[in-house]
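Please look over the sequence and the model below. The notes that follow cover the order of elements, the surface and the helix packing.

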Amino acid sequence: MASSREEHTDSESRNETRVQTAPREPTTKNVLEHFHEYGRERPEIVALWSFGIGFVLGWKLKLW
């Protein structure tokens, strides 16, 4: 069975060690799916957090 990990060499290091990296797409997709599911289960909590984050960002980034 083929592995989904990719191998590449770090050309800046003196020893040129092999580094294994996993693709980020499945992790990102899982996080987004979890967030959407949580938003469907508890829309009031997501709305309050969104309002709070927007309020703080608007307050700190005000232009005047």
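Read from the N terminus, the elements of the protein follow the order β-β-α-α. That gives 2 helices and 2 strands in the secondary structure. The model is a predicted one.

**Surface and burial**
- The protein has 64 residues, and 2% of them are buried.
- Its accessible surface is about 6700 Å². Carbon and sulfur atoms account for 57% of that surface.

**The two helices**
- Helix α1 covers residues 25–41, and helix α2 covers residues 43–60.
- The axes of α1 and α2 come within 5 Å and cross at roughly 110°.
- Angles of 65 to 115 degrees count as roughly perpendicular, so α1 and α2 are roughly perpendicular to each other.
- On the α1 side, the contact is made by Phe 35, Tyr 38, Gly 39, Arg 40 and Glu 41. On the α2 side, Pro 43, Ile 45 and Val 46 take part.

- Is Leu 57 buried, exposed or partly exposed? The relative accessible area of Leu 57 is 47%. Buried means under 20% and exposed means over 50%, so Leu 57 is partly exposed.

How values were computed:
Residues are numbered from 1 along each chain as its sequence is written. This is a predicted model: local features need pLDDT of at least 70, side-chain atom pairs count only at pLDDT 80 or more; totals for chains, interfaces and linings use all residues. Side-chain values use heavy atoms; hydrogens and water are left out. Helices (H or I, at least four residues) and strands (E, at least two) are DSSP runs, numbered from the N terminus. Buried means under 20% relative accessible area, exposed over 50%, partly exposed in between (1.4 Å probe, protein chains only). Accessible areas come from the Shrake-Rupley method with a 1.4 Å probe; for residues, only the protein chains shown count as cover. Axes are lines fitted to C-alpha atoms, for helices over the stretch in contact, and angles run from 0 to 180 degrees between N-to-C directions. Angles under 35 degrees count as roughly parallel, over 145 as roughly antiparallel, 65 to 115 as roughly perpendicular and the rest as oblique. Contact means heavy atoms within 4.5 Å.
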